[in-house]
Amino acid sequence: MHCRDQCGACCIAPSITSPIPGMPHGKPAGIPCVQLDDELRCRLFGKPERPAFCGSLQPSFEMCGRDRGEAMASLAELERATAPN
């Protein structure tokens, strides 16, 4: 599966605890990454400064669903399920 155009769910829904250029403390869940462009694409894709967490996300039906709404919902649920108590 390939990334869906105009989605960006994986750059919005999850929290990222590692530094991101422009977000030295990472980002909270539900907040768009500053590296997400107007086309909802990652400006760091394929670059060494891209956080390892981001590179570890691989598009799959389980994560992305049938559309952007399903992707946002499944990633938000994963975020809740893995959040520290």
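Q: What is a cavity here, and how is a pocket set apart from a cavity?
A: On a 1 Å grid over the protein atoms alone, a cavity is a set of points where a 1.4 Å probe fits but cannot get out. A pocket is an open set with protein on both sides within 12 Å along at least five of seven lines. Lining residues have an atom within 4 Å of a point. Rolling a probe the size of a water molecule over the atoms shows where empty space is left. In this predicted model, the largest cavity has a volume of about 70 Å³.

Q: What does a volume stand for?
A: Grid points are joined across faces, edges and corners, and the volume is the space filled by probe spheres set on the points. One cavity of 30 Å³ or more is present.

Q: What ground rules apply to the model?
A: Local features of this predicted model need pLDDT of at least 70, and side-chain atom pairs count only at pLDDT 80 or more, while totals for chains, interfaces and linings use all residues. Numbering runs from 1 along each chain as its sequence is written, and side-chain values use heavy atoms, with hydrogens and water left out.

Q: How confident is the prediction?
A: pLDDT is the predictor's confidence in each residue, from 0 to 100. The protein has a mean of 94, and 100% of its residues reach 70 or more. Helices are DSSP runs (H or I, at least four residues), numbered from the N terminus. Confidence is lowest in α1, at a mean of 92, and highest in α3, at 94.

Q: Which residues line the largest cavity, and of what class are they?
A: Ala, Val, Leu, Ile, Met, Phe, Trp, Tyr, Cys and Pro count as nonpolar, Asp, Glu, Lys and Arg as charged, and the others, Gly among them, as polar. The lining includes C10, C11, C33, C42 and C54. Also among its residues are Q35 and R50. The lining divides into ten nonpolar, one polar and one charged.

Q: What about the largest pocket?
A: The largest pocket has a volume of about 510 Å³. Of its 23 lining residues, C3, C10, C11, F45 and R50 are the closest to the centre. α1 (52–56) and α2 (61–64) each supply at least two lining residues. By class, the lining holds 15 nonpolar, four polar and four charged residues.

Q: Which helix gives the most to the second largest pocket?
A: Helix α3 (residues 68–82) does, with four residues. The volume of this pocket is about 180 Å³. Its lining includes P14, F53, L75 and E79. Six nonpolar, four polar and one charged residues make up that lining.

Q: How is the length of α3 checked?
A: The expected span of a helix is 1.5 Å times one less than its number of residues. For the 15 residues of α3 that gives 21 Å, and the end C-alpha atoms are 21 Å apart, which agrees.

Q: Which residues of α3 are buried, and which are exposed on the face turned away?
A: Buried means under 20% relative accessible area, exposed over 50%, partly exposed in between (1.4 Å probe, protein chains only). A71, L75 and E79 are the buried residues of α3. They cover an arc of only 70° around the axis, so they sit on the same side of α3. That arc is taken from the directions from the helix axis to the C-beta atoms. The face turned away from the buried side carries exposed R80 and A81.

Q: Where is Q6, and what is its phi?
A: Q6 lies in the segment before α1. Its phi is near 55°, a positive value in a residue other than glycine. Q6 counts as partly exposed because its relative accessibility is 43%.
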